[in-house]
Amino acid sequence: MHKADKKRVVVIGGGAAGLEAAGQLARAGCIVTLLEKESETGGHVKNWYHLFPDIRNSDEVLKYLVRQADHGNITVRTGVTAGSLEKNGKSVIVKTSRGERIISDAVVLATGFDLFDSRRKEEYGYDIYHNVISSADLEVMFREGSVKRHDGEIPQRIGFVHCVGSRDSKVNNLYCSKLCCVTAVKQAMEIKKHIENARVYCFYMDMRMGGALYEELYKESQESYGIVYIRGKVSEVSDNIDSRLIVKVEDTLAGRPLRMELDMLVLMAGMEMSESGMRLAESSDLQTAENRFFAPADHHFGSNRSNMDGVFYAGTCTAPMNITDTISHARAVVADVTDYFRNINA
Amino acid sequence: MKSEGKKRIWAEYQKEIADDHYFYVRSCIRQSFFPGSEQFFLHFLGDVLGKDIYENPSHTTCTGIGYHADVVPLSTIMTVIARHYALMKDAGYRHIVISCVTSFGIYTEIFETWKHFPEELEKTREYLYKATGREFDLPESMTHTSDIIYKFRNEIADRAKYRLVNHETGEPLNIVEHIGCHYSKMFPKYGVGGAEFPNVLGGMIEAWGGNVIDYPERRHCCGFGFRQYLVQANRGYSLSNTTKKFSSMKPYKPDLVLTNCPGCTMFMDKWQYTIREMEGTVYGENGESIPVLTYEELAGLVMGYNPWDLGLQYHMVQSEPLLRKLGIEYDPADKFKTKDGRQMPLPQNLINA
Amino acid sequence: MEGFGFSVLKERHINYDANDKSIAEYIAEREPSFRTCIECGCCSATCTTGAFTNFSLRELQILLKRGENEIAREQISKCMLCGKCILVCPRGVNTRNVILLAREAFRKLMKNEV
């Protein structure tokens with residue numbers, strides 16, 4: 001095939017989904033332009049420490065992803081935001097933040113997710129009480145090798161609040177973010193590795209362990225790490241005079257409210273449709289679902305297709321997903337894209 | 001604690017507070033138990049700031065006590081509120097100022113009910129017209145009296161004779177602010193600063209030089225509750241919640257509790273007496289109880305008004321320890337004298353005095 | 001002073017920090033499967049004793065874990081050690097051993113025969 005015959009695909013978003021999709025499309029013979037709004041690719045993965053379920057160092061996954069997109073057919077352009085998509089005959093024109101119009105034969109949206117901003121759950125006092133942190137903050141602490149309170153002390157009693165920004169109609173997120181439960185299990189175990197005698201408590205509504213080896217990890221965390229699970233959603237957090245956190249929670253299985261003092265509280269922030277994805281949905285008439293993520297053309301056999309011909313989805317811009325599923329979803333988009341090219345050529 | 005985080009929340013919950021031309025509705029409890037508060041409010045707005053504030057003698061109770069005690073039905077209380085709006089319309093006012101937090105909660109609840117169920121509004125119009133021949137308009141703004149004092153907190157600070165600091169040590173006084181549940185827990189948008197970190201009283205305390213205490217049970221209800229106190233056997237629920245709050249604030253050594261709800265002021269004041277009698281527990285320093293004031297009483301003190309003119313002697317917990325800390329001069333002999341100088345009977349066993 | 005007709009009520013909270021969790025720790029050290037309970041209630045559903053009295057093995061385990069020992073202690077002797085709970089437990093908790101260890105712990109740690 002001559003270069004002139006090759007199909008041009010723009011992939012929007014340089015996280016796990018975008019890098020994998022770009023790599024697979026390039027290997028399938030497409031000329032790929034990858035747009036990433038940040039100054040470097042890697043998305044959220046580059047902020048994580050170890051990954052469940054096998055406690056692999058996230059750098060390994062990052063290296064794999066970057067290598068995937070290191071291909072002669074791929075041009076990676078960082079610091080570029082896609083403003084809108086426009087159909088022009090069979091082509092899709094991507095208008096960028098720099099005023100360019102990139103003409104392509106297909107577009108893959110891999111705009112990913114934003115972490116829920118924990119400040120929106122005012123009652124937990126994130127960004128007010130010093131030792132209330134988010135799951136993302138804890139990953140940074142793990143990466144830096146130092147889990148400490150604001151006053152420099154090593155925390156001895158650490159709590160995890162599940163479902164922060166998920167399964168919560170008060171913040172307009174009725175859906176489950178799927179990964180926070182297992183992330184809490186993983187982080188609780190990591191805490192025990194960092195702070196040997198720490199007492200760790202997880203406050204959960206349901207333990208949703210629906211991924212390969214998740215339940216096993218959960219059981220291991222109980223049996224070998226002594227993580228204590230308390231079924232009940234924390235309703236309120238406050239600081240006491242010694243700057244310890246007081247949580248209000250019901251132990252729903254004991255049927256009584258429970259009072260506990262903690263040195264540190266970790267909020268398991270959920271996943272939301274990214275702001276950049278939402279802007280694209282609005283500017284380009286892409287359909288979104290009730291949960292604000294992109295609505296796939298079909299839930300069963302069209303999860304990579306959009307309502308616009310030639311525009312496809314990969315990864316967490318359609319729903320919360322773990323890295324494994326994101327990479328699979330990104331690979332699957334290649335089948336839809338190449339199918340599409342075959343059909344328009346025919 | 002990060003104050004920037006609180007400021008961010010406060011910026012999200014700023015309400016429109018009218019600048020002038022107020023239609024004022026009184027509180028049953030306030031005018032009975034701490035009458036100096038409403039007196040000062042009217043005096044400050046009318047005489048000091050020169051604002052137009054009007055009250056109509058035909059205004060009645062909002063019937064909130066009966067409503068929360070399940071003896072007044074919703075349709076009745078909506079019609080009573082509609083009648084107040086009719087009085088306001090007749091007098092040519094559009095900004096209602098509500099003196100009681102229970103009433104404020106009822107006004108906001110009904111306002112929202114009418115918004116979401118317009119047929120209820122139409123029914124209420126019909127009931128009121130049939131009963132009284134009156135018609136009404138919805139208000140342009142609904143504010144609580146504490147919103148107004150919050151709005152003019154800096155005007156008060158400008159006229160301050162005393163700052164909320166211990167005049168001997170120069171340290172700011174530690175002040176607990178307690179917000180009535182029905183001020184913003186039902187509708188955070190109607191409260192200055194929202195429901196979790198309200199700033200309506202905190203803003204006053206800061207403007208007047210005090211230190212606001214954030215203690216673990218700050219957001220807990222004072223325990224008041226009409227159903228709880230109307231039936232003697234239920235009063236333990238009310239008392240226990242107040243006890244929970246005071247035990248939680250005690251380590252911070254508060255010099256004062258400031259509240260914006262008549263029920264909270266009354267019960268945080270009076271239950272301190274009860275707990276002391278029942279269990280011998282006091283929550284202030286030096287074996288004293290903690291004075292509980294309204295925001296107008298505190299504003300009056302800051303501006304140098306005579307504490308006995310503000311009616312502080314009618315509280316269960318007396319304010320002398322606070323007055324001494326602030327360096328306010330007062331004459332104990334005048335405490336229970338009428339305005340024309342006659343001696344009133346002296347109460348027995350005053351707390352803190 | 002008497003005659004108020006009401007009083008300060010005791011809080012219903014589980015005071016986790018103040019409660020003594022040594023019984024639960026004693027059990028967990030010797031029977032780690034005790035920690036893996038997920039509170040499904042399968043044990044209580046099948047329990048011979050629980051069918052006719054207010055005995056719940058699920059609840060008993062959580063009470064011990066929260067240090068509500070006095071309430072738990074009253075319950076322990078109700079178990080007849082039939083072992084049906086072990087057969088049904090999806091987590092493989094050795095519930096009979098949990099009961100035996102609990103009795104032992106009360107005897108040794110609390111000098112307080114069940």
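What share of the contacts in chain A with a separation of 6 or more comes from residues 24 or more positions apart? Such residues account for 66% of them, where a contact means that two C-beta atoms, placed from the backbone, lie within 7 Å.

This is a predicted model, in which local features need pLDDT of at least 70, side-chain atom pairs count only at pLDDT 80 or more, and totals for chains, interfaces and linings use all residues. Residues are numbered from 1 along each chain as its sequence is written, while chains are lettered from A and ligands numbered from 1 in the order in which they are written.

Here is chain A in brief.

| Property of chain A | Value |
|---|---|
| Helices | 7 helices |
| Strands | 20 strands |
| Span of the C-alpha trace along its principal axes | about 70 × 35 × 35 Å |

Helices (H or I, at least four residues) and strands (E, at least two) are DSSP runs, numbered from the N terminus.

Now to the neighbour. In chain A, 14 residues are in contact with 13 residues of chain C. Helix H5 (214-223) and strand E17 (256-262) of chain A each supply at least two residues of the side that touches chain C, and E17(A) gives the most, with 6 residues.

E17(A) also pairs with strand E1 (residues 14-15) of chain C, in the parallel sense over 2 bridges; pairing requires at least two DSSP bridges between the strands. Within E1(C), C:Asn15 is the bridge partner of A:Arg259.
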